[in-house]
Amino acid sequence: MKLLITGGAGFIGSNFIRLMLKKYPTYKIVNLDKLTYAGNLENLKDIKGQRNYTFVKGDICDLKLAQKLVSGADAVINFAAATHVDRSIQDAGDFIKSNIQGTYTLLEAARKSKIQRFLQISTDEVYGSVEKGRSKENDSLFPNSPYSASKAAADHLVRAYGVTYKLPVMITRSSNNFGPYQYPEKVIPLFITNLLEGKKVPLYGDGLNKRDWLFVLDNCRAIDAVLHKGKTGEIYNIGAGREIPNIDLTKKILKLSAMPESRIQYVPDRPGHDRRYALNVNKLRNLGWRQEFSFSNALKLTIEWYKNNPHWWKRLKKPSS
């Protein structure tokens, strides 16, 4: 099987490529990545030179390049996206271009080829803040940030191409991921690396916003299950089913880092900050997926990884962070 993976030098994409090469040694993988600030070839230096892996630097908005690469693939998995909510609030332009225009370009390339699968990687944030219960795949979308709005628009495009052009599309929507190689602007690596640098950790608002934290390798295994067992035209939620208030998450990181709670610095909440995300994952479980990592063990592994790899994250952090 030949896979075109876009955004494969990013956090989730690089972990997914590593998993696929290990699990399916006969697969051929092409990694298309623009190498924006969050794309980092250091994430994949351990597989550089493998005969069945090829890296191509390029933009998913480049139709000519997309057509060339898609035409040689059996499946496309689109990880490429601008993802940080705070950045989208400051300037939504890159999010509109990467997440909507980029997805459209890949879809156009795919409909002109004989692609067997087009898998769009999305987020639970498209459902918006959920007061009670758990979001199901057929629930309405109520995005509240420019980032989540751009991802919701991309999801609608993907679905529409499946209906209109009979493109074999699928979508996954995962909860908040964490783990090795995550860019240190995201909350867990930011807090871990701040503590390692002797700094405080900035906690938004009252700290009671809840998130369902999913270890990245469990997400990658779920995406693998959807790619091989999922039904064309379907959407699959991916979550761990363990909601944690941000203040509790912060205290867990402090405790595992042997740091006092005085390291917490409360900061003004960001605009439109969703209070809670929660996903119903029964549909995914019917494909046979089960998470392997407990939250506590995964968080310990993540903290240890950042402790042991300061060369990776130190150059990525701005002096003022």
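The axis of a helix is a line fitted to its C-alpha atoms over the stretch in contact, and angles between axes are taken between N-to-C directions, from 0 to 180 degrees. The structure shown in these close-up views is a predicted model.

**View 1. Helix H4 alongside helix H5.** In this view, helix H4, which covers residues 93–111, and helix H5, which covers residues 146–165, have axes that come within 8 Å and cross at roughly 15°. Because angles under 35 degrees count as roughly parallel, H4 is described as roughly parallel to H5. The crossing of these two helices, H4 and H5, is right-handed. On the H4 side, the residues in contact include Phe95, Ile96, Tyr104 and Leu107, while on the H5 side they include Tyr147, Ala153, Ala154 and Tyr161. Sorted by class, the residues of the contact between H4 and H5 are 12 nonpolar, 3 polar and 3 charged.

**View 2. The second largest pocket and its lining.** The second largest pocket has a volume of about 220 Å³. Its lining is made up of 14 residues, and those that lie nearest the centre of the pocket are Glu137, Asn138, Arg159, Arg173 and Ile235. Divided by class, the lining of the second largest pocket has 7 charged, 4 nonpolar and 3 polar residues.

**View 3. Helix H6 packed against helix H10.** Helix H6 (residues 187–196) packs with helix H10 (residues 295–308) at an angle of about 50°, and their axes are 10 Å apart. The two helices, H6 and H10, are therefore oblique to each other, and H6 passes H10 in a right-handed crossing. From H6, the residues Ile188, Pro189, Ile192, Thr193 and Leu196 meet Leu299, Thr302, Ile303, Tyr306 and Lys307 of H10. By class, this contact of H6 with H10 has 7 nonpolar residues, 2 polar residues and 1 charged residue.

**View 4. Helix H6 meeting helix H8.** The axes of H6 and of helix H8, which covers residues 246–256, come within 10 Å and cross at roughly 35°. The crossing of H6 and H8 is right-handed. Here H6 makes the contact through Val187, Ile188, Phe191, Ile192 and Leu195, and H8 makes it through Leu249, Thr250, Ile253 and Leu254. The contact of H6 with H8 has 8 nonpolar residues and 1 polar residue, with no charged residues.

Definitions and conventions
Residues numbered from 1 in each chain as written. Predicted model: local features only at pLDDT ≥ 70, side-chain atom pairs only at ≥ 80, totals over all residues. Heavy atoms only, no water. Helix = DSSP H or I, 4+ residues; strand = E, 2+ residues; numbered from the N terminus. Parallel < 35°, antiparallel > 145°, perpendicular 65-115°, else oblique. Left-handed = near helix turned anticlockwise from the far one by under 90°. Contact = heavy atoms within 4.5 Å. Nonpolar A, V, L, I, M, F, W, Y, C, P; charged D, E, K, R; others polar. 1 Å grid on protein atoms, 1.4 Å probe; cavity = no way out; pocket = protein on both sides within 12 Å on 5 of 7 lines; lining within 4 Å. Points joined across faces, edges and corners; volume = space filled by probe spheres on them.
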